[in-house]
Amino acid sequence: MSFKTRFFRVINPLSKNFSFDQFPKLLPFESIILVYHLVSDNDVKHVKHLFPYRSLKQFEKDLDFLSKHFEFIDWDDFINKKKTSKPSVLLTFDDGYREFYDTISPILLRKGIFAINYINPKFIDNNEMMWRNKASLIVSGIIENKNFQDKMFEWTGNKSKDIISSILNINFKNQYQLDEIADHLEIDIKNYLKTNPVYLTAEQLQKLKNDGFGIASHGWDHPLYNQLSLIEQLENTQKSFEYMNENHFLIDSFAFPFTDHLVENQFFDSVFDQNSNLKFTFGAAGLKLDSNEKNIQRIPIEIRNYSVEEVLKNEIIYYQFLKNIKKNMIKRS
């Protein structure tokens, strides 16, 4: 468990006793950027073991709270630093899940709220599944199917709890192991994608674009960037930008999959040099400064069962704590 997670657990019961009205004054930025993945009332097997996604009711409650204390802005407002009477908030979603089309966009359109969807082009049209989604799908199968548990025990000699932990810890470089496990258990991932589409289609992306939403790059196939060489980082990014260019999507922003932790200045220098239209890249470390001014941190909202109010209170208190010990800036080599 990270120090930040422990900090949130300690501070959260205390921060509930204070009104949010005073908290925006402590924000270090005029605009904040929030990141979600999906919203669903269903049991989403390919996601449920990765992060706690919002229900429709919870998501609408988040939006109502944010509307009270912030002003929603679009991408042009953000890059042009639009002056607002309240702190502004830019809404973003990662991974290109089909729920953005089916569930989220109708809510946002009804409320007049803009959002950017950061996608991995490799998975658009559901021809392949992202490795982390495979891990969650396999774990769901093992938990729900005694036969799968027995087959994995015979294969590995490990208890289900240890098997599940090891599956969820498989990294990008070793993702082939997930295919081996799926084959062993006879989990048909291609059929799952066909009968339960996980990601957006090219047609849906164009419809979302026409409805006024932003579509932008999240890397080609959702790698963990600090596990790639500099050349691999740039190749993965450029391949995704080619897709954005070909489809006339946004080419002036990029959101790191997972995290930008340990990504060095050489990457930023190269990617901005190679892409003259690129204005900002985004991490997801919460409220923090970055020594690279063109790289901005977003605030992840899908944390435990915290409401958006609790997440923002915790982030603001944590930032002030880091500021006092001069640890509120990510410094890159």
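**View 1. The loop glycine G157 in the predicted model.** A residue is called buried when its relative accessible area is under 20%, exposed when that value is over 50%, and partly exposed when the value falls in between. With a relative accessibility of 47%, G157 therefore counts as partly exposed. This glycine belongs to the loop that lies between helix α6 (residues 146-156) and helix α7 (residues 160-168). Another residue to look for is S217, which is 60 residues away from G157 in the sequence and, taken from C-alpha to C-alpha, 41 Å away from G157 in space. As in the views that follow, the structure shown here is a predicted model.

**View 2. Strand β1 and the two strands that pair with it.** Strand β1 covers residues 31-36, and five of these six residues are buried, so the strand is largely enclosed by the rest of the structure. Strand β3 (residues 88-94) runs parallel to β1 and is joined to it by six bridges; within this pairing, L34 stands opposite L91 of β3. Strand β10 (residues 299-300) also runs parallel to β1, to which two bridges connect it, and here V35 has P300 as its bridge partner.

**View 3. Helix α4, its kink and its surroundings.** Helix α4 is made of 13 residues, 99-111, and spans 17 Å between its first and last C-alpha, which is close to the 18 Å expected at 1.5 Å a residue. The helix has a kink of about 40 degrees at S105, shortly before the proline P106. S105 is also one of the buried residues of α4, which include F100, T103, I104 and L108 as well. Among the elements that cover the buried residues of this helix are α2 (residues 56-69), strand β3, β4 (residues 115-119) and α10 (residues 202-210). Just after the helix, G112 adopts a positive phi of about 70 degrees.

**View 4. The largest pocket and the residues that line it.** Rolling a probe the size of a water molecule over the atoms shows where empty space is left. The largest pocket has a volume of about 1300 Å³, and its lining consists of 42 residues, of which F258, T259, A284, P300 and I303 lie nearest the centre. Helices α1 (residues 3-15) and α5 (residues 131-144) each supply at least two residues of this lining, and α1 gives the most, with four residues.

Conventions:
Residues numbered from 1 in each chain as written. Predicted model: local features only at pLDDT ≥ 70, side-chain atom pairs only at ≥ 80, totals over all residues. Heavy atoms only, no water. Buried < 20%, exposed > 50% of the residue type's maximum accessible area, 1.4 Å probe, protein only. Pairing = 2+ DSSP bridges. Expected span 1.5 Å × (residues − 1). Bend = angle between axes of the 7 residues up to and from the residue. Contact = heavy atoms within 4.5 Å. 1 Å grid on protein atoms, 1.4 Å probe; cavity = no way out; pocket = protein on both sides within 12 Å on 5 of 7 lines; lining within 4 Å. Points joined across faces, edges and corners; volume = space filled by probe spheres on them.
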